[in-house]
Amino acid sequence: MEYISVPFGWVMRFCYNLLNNYGLAIILFTFFTKIIIFPVTLWTHKNSVKLVKIQPQLNELKIKYFGEKDTINEKQLELYKKEKYHPLLGLVPMIIQIFLLMCVIQIIYNPLTHILSLDKGVIASLISAYQATLSSELSGNAVQLYVTKAVQEGFTVSGIELSGIKALDMIFLGFDLSAIPLKSGGFMMSVPILAGCSALALSLFQNKMNPIQAEQGKTGTLITNVISVGISLILGGFVPAGIGLYWICSNIFTMLQQLILNVIINPKKHIDYERLEKSKEELSKLESIGEENTKENRARSKRDYKRFFSVANKHLVFYSEKNGFFKYYERLIDYLLSHSNIIIHYITSDPNDSIFELAEKEDKIKAYYIDEKRLITLFMKMDADIVVMTMPDLENFHYKRSYVKKDIEYIYIFHGPTSTHMNMNKGCIDNYDTIFCVGDFP
């Protein structure tokens, strides 16, 4: 970092020579760095707006392929490519911020090199003379700060001009910017407090104005706030106050910068927030399905799900929404058991369905308990020849036709009174290949 920080040291030296005030130089330096990196910040802001713009489509993919992580990831990458969104670009501002912070730390700890631009030989002589006076060897990052402070308190070395060092006043608004607040205590402890407050203000501001942070959930927002404030408290308390001043100013300028970015690229002009909210609600409903289910039943559903797909060449599958629906299939199943050797795969969403008792006695019936959430994925991956069900909303809601096997015959078993069947809205059943009434069976 000693060499990487040199260009930024030139900027800091320019600011100090221009203002002849150490604290104001740090503030101006912070402002200049925001200007320097603004094109990159604008680029990442545009990318962030693009992500929120396509978020409804991403949510719709998660709804359509709910539970299928590999398929969702594949479709998501295709959408990113189509919309020219770069997922890793969001890390760039954080990387730049860390890089700049490391440069500032290097500059603040080494004022003789970066602020006063003294010759390396002169700096080495000063450090050597100071160590000889102390009869001990100094170590750590703060050696130049110790020497600077000593010169300002009367330490001299013959043959070396020290007027520049004596003129470097590190007191700003009553704060010693070379001091570490936690070691100094007292009034200096307000530095980490101010740093933490500025970080909290920035987080709350970004939660409203930054397009990505504005869409974070409460948990994500809380974590972001805690981390940001925690880092700021550490920076404000454990390093020289000059670094804390830089961090406070950086947070304030970032808020101003966000306002400018939102004027240049207004998120509201690019993002369909109505569609976004609708997609979030639909996805939330899917994700909340089965939350009331017990841990044992979820584990049982997972086992039966794996068992169902471990069987190849499934010809006939029945789906029952709950225990009482077996009666609508009973005559058909009895006939098949008596007149064929076909294996019947019977899926139920009721863990206490009586079909499990029958399956224990009848080898040609394989029963499975699948909870509602896992059932969404099961229907998408269905690989049977025929699927029979009483559920009237195939394709209209979250249970869809299989995208794995396109030629499945879906049979809807109507189980209401004939008059109701005759007057039924065709929109509820027009996604089935065949419709039977209970009385149609032998």
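Does Thr377 count as buried or exposed, and at what relative accessibility? Thr377 counts as buried because its relative accessibility is 6%, where buried means under 20% relative accessible area, exposed over 50% and partly exposed in between, with a 1.4 Å probe and protein chains only. Before we look around further, please note that this is a predicted model, in which local features need pLDDT of at least 70, side-chain atom pairs count only at pLDDT 80 or more, and totals for chains, interfaces and linings use all residues. Residues are numbered from 1 along each chain as its sequence is written, and side-chain values use heavy atoms, with hydrogens and water left out.

Let us take in the whole chain. It contains 20 helices and eight strands; these are DSSP runs numbered from the N terminus, with helices (H or I) of at least four residues and strands (E) of at least two. The radius of gyration is 35 Å, well over the 22 Å that the globule rule gives for 442 residues, so the chain is more spread out than a compact globule. That radius is taken over C-alpha atoms, and the rule is 2.2 Å times the number of residues to the power 0.38. Along the principal axes, the C-alpha atoms fill a box of roughly 115 × 50 × 35 Å. Of the 442 residues, 47% are buried.

Now back to Thr377, which lies in helix α19. Leaving aside residues up to four places away in sequence, Thr377 touches Phe66, Gly67, Glu68 and Tyr305, a contact being heavy atoms within 4.5 Å.

Phe379 belongs to helix α19 (residues 372-380), while Tyr399 is in the loop between β6 (386-389) and β7 (409-414), 20 residues apart. Both residues, Phe379 and Tyr399, are buried. Elsewhere, Phe14, Phe31, Phe32 and Phe253 form one aromatic cluster.

How values were computed
Phe/Tyr/Trp six-rings, centres within 6.5 Å; stacked < 30°, edge-to-face > 60°.
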